[in-house]
Amino acid sequence: MSMFDKNISQEKLKSLEFAEAAREQEWKSPSYALNLFHGNADFTLLHPFPEQSAEEKKAGDEYIEKIEKFLKENLDPDEVDRTGLIPDKVYKGLAALGAFALKVPKEYGGMGFSQYNYNRIMHLVSSYCGSTAVLLSAHQSIGVPQPLKLFGTPEQKSKYLPMFAQGAISAFALTEPSVGSDPRKMLTTAVPTEDGKHYILNGEKLWCTNGLIADVIAVMALTPSKTVRGKEVKQITAFIVETKSPGFEKIHRCSFMGLHGIQIGLIRFNNVMVPRENIILGEGEGLKLALMTLNTGRLTLPAASAGIAKWCLYVARVWSGKRQQWGSPIGEHEAVALKLSYIASHTFALDAVTWLTSAMADDKHRDIRIEAAVAKYFSTEVSWKIADETLQIRGGSGYESSSSLRQRGVDYWPVERVLRDVRINRIIEGTSEIMHLFIAREALDPHLSKIKPLLSGRTPILVKAIAAVKMAAYYAFWYPGLWGGFIVPSELQGLPPALQGHMMYVRSASRRLARVTFHNMVIYQQKLESKQSILNRIVDIGTELFAMSAACSYAAMLHKQGQANAVDLASVFCNESRKRVEATFKDGGCCNKDKASLRIARKVLSKEFEWMENEIIK
Ligand SMILES: Cc1cc2nc3c(=O)[nH]c(=O)nc-3n(C[C@H](O)[C@H](O)[C@H](O)COP(=O)(O)OP(=O)(O)OC[C@H]3O[C@@H](n4cnc5c(N)ncnc54)[C@H](O)[C@@H]3O)c2cc1C
């Protein structure tokens, strides 16, 4: 138990139990990413790299051409940043293009695009205007169309989905002023009326993207608790709420460091009557619905990150070749050259992760929970670094606003705006820290589920004995299998030699990761769940191995198609990734250093270091 747990253990336990109840427990199919944590890098699950069918690609190509032309002719992203408004003609034009119904099935008037094509479109829009990308994405990655498509009744679908084809906008409202990552403390309530036909909604929702312009909002609210085995269990339920309903109030438009064009704010529900038939999925299923919607929803972020990274690559390339300092183009100085290499190789990995997970999401037999979380975490962290390095390469011009550069008559790439816009991606749709916890929970699950009956005081002795025998038999077989594995398996044999070498590394590092995880399980048992410093390292290594695997599979496909130098990009990415993996493995044993750092954190909180906050204006 970590040092902070002494005070908050009961609270934390309740939050964990609450989140646990909403977790999907059934794995429908093998997950490559999850297997990596268990020492089984089964490359056949992502190789050959999945490709779009010719028909699907054509539909995507045609739409992308249209929306690109529309955006270039009608939208000035710098003006959106300056004025804080996306012009009305852009909303109307996007609606006419069906951009608010990209994934809505054709039978409801939508475009009927796959997740892959949808992500291609979001990738393009994100490379041009962050605010417009978030308008479209909050509406249909997490807003009403997505949960309705997944869980809506036929009546709900035929009532609401056609509205989006006409340009209606939606939003998703989970966060509240005191409810961020932990939804258990939710205060918004939905109380059934006496006749049971309606619910009366009361409460406030914060940072609801599109909330100020939405026609309908997917709202999470507390419905009456249930008693399960003598214990009161809170119920969160998802409702479709029409914003024209009496009692819906817009309180405040929030403004942020970036994304100046988004209409996001604090909204309030004052006795809003919502019909019972507007419940999505079922009473008490709201948190599960939110988590399941986010599984696919957060896949927009890798696509957006890849689009932004490619734009950065373009700016960094042109500027590094053109800007002369100390007698040569800056791109020829090694420090800048290494940044260029980082940007190019990591953009390649972002592309690989994006298209791999997009295709996986369209394959209904796949379980993409871990893949989506890993892709979200990896891509938002990497794209932030890429944007930062691009600004560094641009030097002072990177820090200057695009409109100021434009007024001076020089290249006016809006790098500072992009950096401001991209930062939020590490926070929304699950912060990087929460992604760590989510991935770690799933990675540990096979071990925890075996060990739990042994630790519980409520388990009868006989059941404990059977669980112990089963566990011993499982580990006696599993653990020795984590050693060895030096023969190149058949699925790797056709790969270019460089990629084969990297994939052999992934195989052995995955086994080492499983061993390290197991050793930590033996040492800490169930307490490992709260050892975030160890878990974070485990997740970081798994994430790197997943990105390496995606990059190798993607490069193998491009190589086959004649793009031989894709192998160079994958190889440089893998070299960098391997360095990070080795450093993290090395760090893994340094728990004493963690302890010292955690002691400092406790002292910071108890104001022991307040003396350092001197001679500043507070
Ligand atoms: C621009 C923007 C758009 C948004 N859009 C929407 C939207 O459309 N709908 C919606 O419902 N919400 C939206 N949000 C809210 C967003 O999802 C939350 O900001 C996010 O979930 C984090 O919650 P929080 O900001 O309250 O941070 P907190 O939960 O208070 O966390 C603060 C910090 O502590 C860390 N932390 C918290 N708990 C743990 C833990 N157990 N272990 C380790 N670290 C932890 C977090 O990672 C974070 O770094 C939006 C926010 C912004 C800024």
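This is a predicted model: local features need pLDDT of at least 70, side-chain atom pairs count only at pLDDT 80 or more; totals for chains, interfaces and linings use all residues.

Biologist: Why is serine 553 called buried?

Modeller: Its relative accessibility is 0%, and buried means under 20%; serine 553 therefore counts as buried. The residue lies in helix H20, residues 532-560.

Biologist: Which residues is serine 553 in contact with, leaving aside neighbours within four places in sequence?

Modeller: The contacts of serine 553 are Phe43, Leu46, His47, Pro48 and Phe49.

Biologist: What makes lysine 339 and glutamate 389 a salt bridge?

Modeller: Their closest N and O atoms are 3.3 Å apart, and the rule asks for a side-chain nitrogen of Lys or Arg within 4 Å of a carboxyl oxygen of Asp or Glu.

Biologist: Why is lysine 339 called partly exposed, and why is glutamate 389 called buried?

Modeller: Lysine 339 has a relative accessible area of 22%, which falls between the limits of 20% and 50%, so the term is partly exposed. Glutamate 389 has 15%, which is under 20%, so the term is buried.

Biologist: How do you know that arginine 420 and glutamate 416 are separated by about one helical turn?

Modeller: They are four residues apart in helix H16 (residues 415-422), which means a separation of about one helical turn. Arginine 420, at 17% relative accessible area, is buried, and glutamate 416, at 15%, is buried.

Biologist: What makes arginine 441 and glutamate 529 a salt bridge?

Modeller: The closest N and O atoms are 3.5 Å apart, and the cut-off is 4 Å, so the pair qualifies. Arginine 441 is in helix H17 (residues 432-455), whereas glutamate 529 is in the loop between helix H19 (497-524) and H20, 88 residues apart.

Biologist: How many salt bridges are there by this rule?

Modeller: The count comes to 33.

Biologist: Why is arginine 599 called partly exposed?

Modeller: Its relative accessibility is 43%, which lies between 20% and 50%, so arginine 599 counts as partly exposed. Arginine 599 is placed in helix H22 (residues 591-605). Together with Lys595, Arg602 and Lys603, Arg599 forms a patch of positive charge on the surface.

Technical notes:
Residues are numbered from 1 along each chain as its sequence is written. Side-chain values use heavy atoms; hydrogens and water are left out. Helices (H or I, at least four residues) and strands (E, at least two) are DSSP runs, numbered from the N terminus. Buried means under 20% relative accessible area, exposed over 50%, partly exposed in between (1.4 Å probe, protein chains only). Contact means heavy atoms within 4.5 Å. Patches are made of residues with over 30% relative accessible area and no salt bridge: like charges are joined within 9 Å, nonpolar side chains (Val, Leu, Ile, Met, Phe, Trp, Tyr) within 5 Å. Accessible areas come from the Shrake-Rupley method with a 1.4 Å probe; for residues, only the protein chains shown count as cover. Lys and Arg count as positive and Asp and Glu as negative; His and the chain ends are not counted. The place of a charge is taken as NZ of Lys, CZ of Arg, CG of Asp or CD of Glu.
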